[in-house]
Amino acid sequence: MTAQLPSKNLSADQAIAALSTQSQPRVSDAEMRQAVRTLLIGLGEDPDREGLLDTPKRVVKALKFLTSGYHQSLDELLNGAIFHEDTSEMVLVRDIDLFSSCEHHILPILGRAHVAYIPNGKVIGLSKIARICEMYARRLQVQERLTAQIADALQGLLQPQGVAVVVEATHMCMVMRGVQKPGSWTVTSAMKGVFADDARTRDEFMSLIRHSPTFH
Ligand SMILES: [Zn+2]
């Protein structure tokens with residue numbers, strides 16, 4: 001399968017919109033269930049035993065939910081929730097739960113995102129920041145790309161003075177198999193505008209995401 005890359009002469013918004021929407025699935029649910037059944041047989045299981053009878057159906061349904069972000073776009077997700085506002089103070093949404101799936105093993109990536117921006121005339125509904133994270137998380141991902149996509153989306157939508165995204169996550173493909181390192185976390189960041197250029201702004205963001213809230 002080849003991903004459709006947006007052509008070079010699109011605006012930032014159009015490019016983001018193009019990347020947000022993928023074509024419709026080309027295989028039927030029945031074919032997907034059959035593939036899961038084949039996997040079960042390959043694993044040495046009997047897909048006709050009682051406990052596994054509905055497993056192909058359930059696996060297909062679960063995987064479709066976990067990748068439902070492919071069928072969402074920033075446009076429909078935002079539903080106009082961008083407002084003009086003359087503020088230039090940092091907006092930070094911390095501790096956004098992330099449930100994603102790694103594209104190498106289709107195993108869970110569990111983590112948290114911290115997202116900040118400094119407005120430049122436009123602000124976005126706070127809940128929409130979490131929804132943007134969720135849309136990109138519900139795709140097959142690598143953590144680096146997930147982090148960059150969240151930052152690029154906010155940059156494209158708001159043209160703010162800067163965007164900072166930090167994602168901290170643990171990868172089940174590292175914890176349950178391979179190097180089997182429970183407790184290992186991967187931290188990725190994407191800094192744009194003033195967060196990239198100005199160490200003081202970046203430090204303020206980093207100290208705000210480290211500080212434990214008193215209401216916890
Ligand atoms: Zn993996």
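Helices (H or I, at least four residues) and strands (E, at least two) are DSSP runs, numbered from the N terminus, and the expected span of a helix is 1.5 Å times one less than its number of residues. The structure shown is a predicted model, in which local features need pLDDT of at least 70, side-chain atom pairs count only at pLDDT 80 or more, and totals for chains, interfaces and linings use all residues. Residues are numbered from 1 along each chain as its sequence is written.

**View 1. Helix α5 and what covers its buried residues.** Helix α5, residues 126–137, has 12 residues and reaches 17 Å from its first C-alpha to its last, which is close to the 16 Å expected at 1.5 Å a residue. Its buried residues are Ile-129, Ile-132, Cys-133, Met-135, Tyr-136 and Ala-137, where buried describes a residue with 20 or more other C-beta atoms within 10 Å of its own, exposed one with 12 or fewer, and partly exposed one in between, the C-beta atoms being placed from the backbone. The elements that cover these buried residues include α4 (74–78), β2, β3, β4 (122–124), β5 and α6 (143–158). In the protein chain, 24% of the 216 residues count as buried.

**View 2. The packing of α5 against α6.** The two helices pack at an angle of about 140°, with their axes 10 Å apart; axes are lines fitted to C-alpha atoms, for helices over the stretch in contact, and angles run from 0 to 180 degrees between N-to-C directions. Angles under 35 degrees count as roughly parallel, over 145 as roughly antiparallel, 65 to 115 as roughly perpendicular and the rest as oblique, and α5 and α6 are therefore oblique to each other. Residues Ile-132, Cys-133, Tyr-136 and Ala-137 of α5 meet Leu-146, Gln-149, Ile-150 and Ala-153 of α6, a contact being a pair of residues whose C-beta atoms, placed from the backbone, lie within 7 Å.

**View 3. The five-stranded sheet.** The strands of this open sheet stand in the order β5-β2-β3-β6-β7, with mixed pairing, and two strands pair if DSSP finds at least two bridges between them. The edge strands are β5 and β7 (186–193), each of which pairs on one side only. Strand β2 (residues 91–102) and strand β5 (residues 140–141) run parallel and are joined by two bridges, with Ser-101 opposite Leu-140 in β5. Strand β3 and strand β6 (residues 162–171) pair in the antiparallel sense over 10 bridges, and here Ala-116 stands opposite Ala-164 in β6.

**View 4. The β2–β3 hairpin and its turn.** Strand β2 and strand β3 (residues 108–118) pair in the antiparallel sense over nine bridges, and Asp-97 has Arg-112 in β3 as its bridge partner. The two strands form a hairpin with five residues between them, and Ile-106 in the turn has a positive phi of about 50°. Ile-106 counts as partly exposed because it has 13 C-beta neighbours inside 10 Å.

**View 5. Gln-159 in the loop between α6 and β6.** The phi of Gln-159 is near 40°, a positive value in a residue other than glycine. Most residues other than glycine have a negative phi. Gln-159 counts as partly exposed because it has 15 C-beta neighbours inside 10 Å.

How values were computed
Contact = placed C-beta atoms within 7 Å.
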